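Please read it alongside the sequence and the model.

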Amino acid sequence: PNANLPQQQQIWVRNYQIIEQVASNAKEAHAEKKSTGSELSTSLCEIGPRFVLDPIRIFRGSFGGQTLYQNTNFVPPTEQRALTMRNRGRDYEMRKESQEMKKKRDKEIVVPEDPLQDVFY
């Protein structure tokens, strides 16, 4: 293992099917038996979905007991949602604060009265 790479905390699962094919004629069967020692040609074919498991905890027993492994990087979904909501709340506070600052600036800006304003009326 390379020391520069981060340690993988996941279990990758793939499904394979073992395919055994019988030779169609005697010549192929003899060649297969000579190369592999068996008349059957065996190969693996990947089937089904691949998936990744991200274990949180592994116990000694089925559903409890001594903890053998605990993923310290795991963040529960409820905590992720709470963080998202907190960030949305901060965005709202910042927006309201900038609106109030704009109102204050608008009040401070005084436009001088134009002496020619009523000329064309």
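**Salt bridges**

A salt bridge is a side-chain nitrogen of Lys or Arg within 4 Å of a carboxyl oxygen of Asp or Glu. By this criterion the structure holds three salt bridges. Side chains of opposite charge can pair when their charged atoms come close.

**Basis of the model**

The model is predicted: local features need pLDDT of at least 70 and side-chain atom pairs count only at pLDDT 80 or more, while totals for chains, interfaces and linings use all residues. Residues are numbered from 1 along each chain as its sequence is written, and side-chain values use heavy atoms, with hydrogens and water left out.

Glutamate 46 and arginine 14 meet through their side chains in a salt bridge, at 4.0 Å from N to O. Glutamate 46 belongs to strand S2 (residues 40-53) and arginine 14 to strand S1 (residues 11-22), so the pair ties together parts that are 32 residues apart in sequence. Helices (H or I, at least four residues) and strands (E, at least two) are DSSP runs, numbered from the N terminus.

The side chain of glutamate 46 also meets that of arginine 50 in a salt bridge (2.6 Å, N to O). For accessibility, buried means under 20% relative accessible area, exposed over 50%, and partly exposed in between (1.4 Å probe, protein chains only). Glutamate 46, at 30%, is partly exposed, as is arginine 14 at 43%, whereas arginine 50 is exposed at 54%.

**The pair within helix H2**

Aspartate 106 and lysine 102 form a salt bridge between their side chains, at 3.1 Å from N to O. Both residues lie in helix H2 (residues 77-108), four residues apart, or about one turn of the helix. An α-helix has 3.6 residues a turn, so residues three or four places apart point the same way. Aspartate 106 counts as partly exposed at 43% relative accessibility, and lysine 102 counts as partly exposed at 44%.

**Helix H1 and its ends**

Helix H1 spans residues 26-36; of its 11 residues the number buried is one, so the helix lies largely in the open. At the start of H1, a side-chain oxygen of asparagine 25 reaches to within 3.3 Å of the backbone nitrogen of lysine 27. Following H1 is glycine 37, which has a positive phi, near 90°.

Technical notes. Polar contact = N/O pair within 3.5 Å; in protein donor to acceptor, adjacent residues only side chain to side chain.
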